[in-house]
Amino acid sequence: QGMQYRFQGDRNMSAAASLLLVHALRHEGYFHGLPDFAWPPAGKPRMINYPGLHFSLSHCRGAVACLLSATEAGIDIEEVLPWDDDLAKAVCSHD
């Protein structure tokens, strides 16, 4: 799935996130084989061979994140950029 990214750096970070998922499965004592993924037409991918276990992956430049959960959940990681007054004035109200 991660090979759909246009830039090599994004593909590398997606691969790192997948490795982090395997590490998390091992660390939490669930690991019994590499995840077998299914991608429903609409919705989040799931691990066929880990029923009842949900996951979420995210990556940005320089960081990856992984979440394992017994319920549907999500995680998002973003690069923190320097403050930009002009951008803040364009998207935020005075209040």
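How many disulfides does a search of the whole structure find? The search finds 0 disulfides, and the views below come from a predicted model.

View 1. A disulfide is a covalent bond between the sulfur atoms of two cysteines. For cysteine 60, the closest cysteine sulfur belongs to cysteine 66, and because the two sulfur atoms are 15 Å apart, they are too far from each other for a bond. Cysteine 60 is buried, with a relative accessible area of 13%, whereas cysteine 92, at 48% relative accessibility, counts as partly exposed.

**View 2. Serine 58 in strand E3, which spans residues 54-60.** Serine 58 has a relative accessible area of 8%, and because buried means under 20%, this residue counts as buried. Its side chain makes a polar contact with the side chain of aspartate 76, at 3.3 Å. When residues up to four places away in sequence are left out of the count, serine 58 touches Ala17, Val64, Ala65, Ile75, Asp76 and Ile77.

**View 3. The second largest pocket, with a volume of about 190 Å³.** The lining of this pocket is made by 13 residues, and those that lie nearest its centre are Pro45, Arg46, Leu53, His54 and Glu72. Strand E2, residues 46-47, supplies at least two residues of the lining, and so does strand E3. Sorted by kind, the lining residues of the second largest pocket comprise 8 nonpolar, 2 polar and 3 charged ones.

How values were computed:
Residues are numbered from 1 along each chain as its sequence is written. This is a predicted model: local features need pLDDT of at least 70, side-chain atom pairs count only at pLDDT 80 or more; totals for chains, interfaces and linings use all residues. Side-chain values use heavy atoms; hydrogens and water are left out. Helices (H or I, at least four residues) and strands (E, at least two) are DSSP runs, numbered from the N terminus. Buried means under 20% relative accessible area, exposed over 50%, partly exposed in between (1.4 Å probe, protein chains only). A polar contact is a pair of N or O atoms within 3.5 Å; within protein, one must be able to donate a hydrogen and the other to accept it, and residues adjacent in sequence count only if both atoms are side-chain atoms. Contact means heavy atoms within 4.5 Å. A disulfide is a pair of cysteine sulfur atoms within 2.5 Å. On a 1 Å grid over the protein atoms alone, a cavity is a set of points where a 1.4 Å probe fits but cannot get out, and a pocket is an open set with protein on both sides within 12 Å along at least five of seven lines; lining residues have an atom within 4 Å of a point. Grid points are joined across faces, edges and corners, and a volume is the space filled by probe spheres set on the points. Ala, Val, Leu, Ile, Met, Phe, Trp, Tyr, Cys and Pro count as nonpolar, Asp, Glu, Lys and Arg as charged, and the others, Gly among them, as polar.
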